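Q: Could we go through this model together, a piece at a time? I'd like to start with a loop residue and work up to the helices.
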Amino acid sequence: MRRGFIRVFRCPKCGRIIRTTAARCKYCAAVIDRAAAEAAADADDKIHAANYEASLITSLSAEDKAPDIHPWVFLFAAPYYIVRWWIRTRRYPQDHPELLISKRSIKRALRLWIPILIGFLIAMWSITRRFREP
Ligand SMILES: [Zn+2]
């Protein structure tokens, strides 16, 4: 609970964004419980952090955004960040609309990761084959 900041959250009744200090929702007039509103705003902050992290994972793989990053860096870094993201978000409300955006980023990162993994395995296989065959 930071002082001096306007904090917002999603109205539990109508789903619109309102201030945590509001006594009633200005859209649907639902009575707002201050403690519940602050807790919801805290949950939103965590989800925003998770979204930011998920977008970092995806941008790590996007060659246009990160041309210096070798795909093999992504190969090893992505699982670490994806697992960390999953551990962090598994207790969050899974149907939160912003978490769904985050999930799409993670799925996109996985779709990019699998071909890189296959490429890596093929490269490893062809290298080791050279040693096996005289
Ligand atoms: Zn409302």
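Q: Ala 29 to begin with: buried or exposed?
A: In this predicted model, Ala 29 is exposed, because 11 other C-beta atoms lie within 10 Å of its own and a residue with 12 or fewer is put in that class.

Q: Where does Ala 29 lie?
A: Ala 29 belongs to the loop between β2 (17-19) and α1 (34-61). Its phi is near 65 degrees, a positive value in a residue other than glycine.

Q: And which loop holds Arg 16?
A: Arg 16 is placed in the loop between β1 (8-10) and β2. With 12 other C-beta atoms within 10 Å, Arg 16 counts as exposed.

Q: What does Arg 16 touch, leaving out residues up to four places away in sequence?
A: Arg 16 touches Cys 11 and Tyr 27 on that basis. As for Tyr 27, it is 11 residues from Arg 16 along the chain, and the C-alpha atoms of the two are separated by 7.6 Å.

Q: Stepping back, what order do the elements of the protein come in?
A: From the N terminus the order is β-β-α-α-α, which is to say three helices and two strands.

Q: How much of the protein counts as buried?
A: Of its 134 residues, 16% count as buried. On the contact side, if you take the contacts with a separation of 6 or more, residues 24 or more positions apart account for 51% of them.

Q: Now α2: where is the kink?
A: The kink, of about 35 degrees, lies at Ala 77 in α2, shortly before the proline Pro 79.

Q: What span should α2 have, and how far apart are its ends?
A: Helix α2 has 19 residues (residues 71-89), so at 1.5 Å a residue it should span 27 Å, and its end C-alpha atoms are 26 Å apart, which agrees.

Q: How do α2 and α3 pack?
A: Two packed helices are described by the angle between their axes and the distance between the axes. Here α2 and helix α3 (residues 97-132) pack at an angle of about 145 degrees, with axes 9 Å apart, and α2 passes α3 in a left-handed crossing.

Q: Which residues meet there?
A: On the α2 side they include Phe 74, Ala 78, Ile 82 and Trp 85, and these face a set in α3 that includes Leu 99, Ile 106, Ala 109 and Trp 113. The residues of this contact divide into 15 nonpolar, two polar and no charged.

Q: Which residues are buried in each of the two helices?
A: In α2 the buried residues are Phe 74, Ala 78, Trp 85 and Thr 89, while in α3 they are Leu 99, Ser 102, Ser 105, Ile 106 and Ala 109.

Q: Last topic, the arginines: what class does Arg 108 fall in?
A: Arg 108, which lies in helix α3, counts as partly exposed because it has 16 C-beta neighbours inside 10 Å. Arg 108 and Ile 57 are 51 residues apart in sequence, yet 9.4 Å apart in space, C-alpha to C-alpha.

Q: And Arg 88, what class is that?
A: Arg 88 is found in helix α2 and is partly exposed, with 13 other C-beta atoms within 10 Å.

Terms used. Residues are numbered from 1 along each chain as its sequence is written. This is a predicted model: local features need pLDDT of at least 70, side-chain atom pairs count only at pLDDT 80 or more; totals for chains, interfaces and linings use all residues. Helices (H or I, at least four residues) and strands (E, at least two) are DSSP runs, numbered from the N terminus. A residue is buried if 20 or more other C-beta atoms lie within 10 Å of its own, exposed if 12 or fewer, and partly exposed in between; C-beta atoms are placed from the backbone. Two residues are in contact if their C-beta atoms, placed from the backbone, lie within 7 Å. The expected span of a helix is 1.5 Å times one less than its number of residues. The bend at a residue is the angle between axes fitted to the seven residues ending there and the seven starting there. Axes are lines fitted to C-alpha atoms, for helices over the stretch in contact, and angles run from 0 to 180 degrees between N-to-C directions. A crossing is left-handed if the near helix is turned anticlockwise from the far one by less than a right angle, and right-handed if clockwise. Ala, Val, Leu, Ile, Met, Phe, Trp, Tyr, Cys and Pro count as nonpolar, Asp, Glu, Lys and Arg as charged, and the others, Gly among them, as polar.
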